[in-house]
Amino acid sequence: MLLDRSRAQVRVLVGKRHKAHVFMPDLHVFPGGRRDASDYRLPWSGDIHPAVIERLKAAYVQRASENRLRAIALAALRELHEEASIAIGRKYSGNTTLPFLPDLTNLRYMARAITPPGFPRRFDTHFFAVFTDEAGVEPTDIRDSRELEDLRWIDVNDVSAVHMPDITEIILGDLRASLESDASLPFGRPVPFYHTRHGRFVRDLL
């Protein structure tokens, strides 16, 4: 979740998935995508916050290496660049995958959600947030891509202009509550985890 707090109300970036997508076509979502094998090897310029790593570790029953957890965050910034032309990090010509070195310093871990059974495809999704001013991002620099079109900034308190998946609206509700509690979004905040238990969709905290 890329957040713009330059106005009275915080805005979040969303884009519409192409109608040809099997999963969630024609719905507005946050930029993102799957972690690739190459994400483990991506060089980076700023490391992920220790409190974020600890929350990510809590998301897994079995111990996960910091390299594996860092790759999740690196995938988030790679996908943001591919889907919205936003580069968070410094320019770097020696990278064959990205034209910049991702900076993970200001990423907050906001939520985890696993798609309930019965969908054409299921995903185990981790949601991160970063403020544009902290990341050196100009909000007007976003560009549509083959993955996301109609990229736009929406008020986190008013999403009536777009059609979103239920889980996206749920995560936005958590974001609103977090901003109301502490507008800086502390790195070590408890992280909601949405998943299915005994046939029921539940919310736990990591």
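Strands S9 (residues 192-197) and S10 (residues 200-205) pair in the antiparallel sense over six bridges, where pairing requires at least two DSSP bridges between two strands. Helices (H or I, at least four residues) and strands (E, at least two) are DSSP runs numbered from the N terminus. The bridge partner of threonine 196 in S10 is phenylalanine 201. Two residues lie between the strands of this hairpin, and histidine 198 takes a positive phi near 55 degrees.

The model is predicted, with local features needing pLDDT of at least 70 and side-chain atom pairs counted only at pLDDT 80 or more, while totals for chains, interfaces and linings use all residues. Residues are numbered from 1 along each chain as its sequence is written, and side-chain values use heavy atoms, with hydrogens and water left out.

The largest pocket holds about 1,400 Å³ of space. A pocket is an open set of points on a 1 Å grid over the protein atoms alone where a 1.4 Å probe fits, with protein on both sides within 12 Å along at least five of seven lines; lining residues have an atom within 4 Å of a point. Grid points are joined across faces, edges and corners, and the volume is the space filled by probe spheres set on them. Of the 48 lining residues, Gly32, Gly33, Phe123, Thr125 and Phe127 lie nearest the centre of the largest pocket. Helix H2 (66-84) supplies the largest share of this lining, nine residues.

Arginine 70, found in helix H2, is buried at a relative accessible area of 11% (buried: under 20%, 1.4 Å probe, protein chains only). Beyond four places in sequence, arginine 70 touches Trp44, Asp47 and Leu104 (contact: heavy atoms within 4.5 Å).

How values were computed
Buried < 20%, exposed > 50% of the residue type's maximum accessible area, 1.4 Å probe, protein only.
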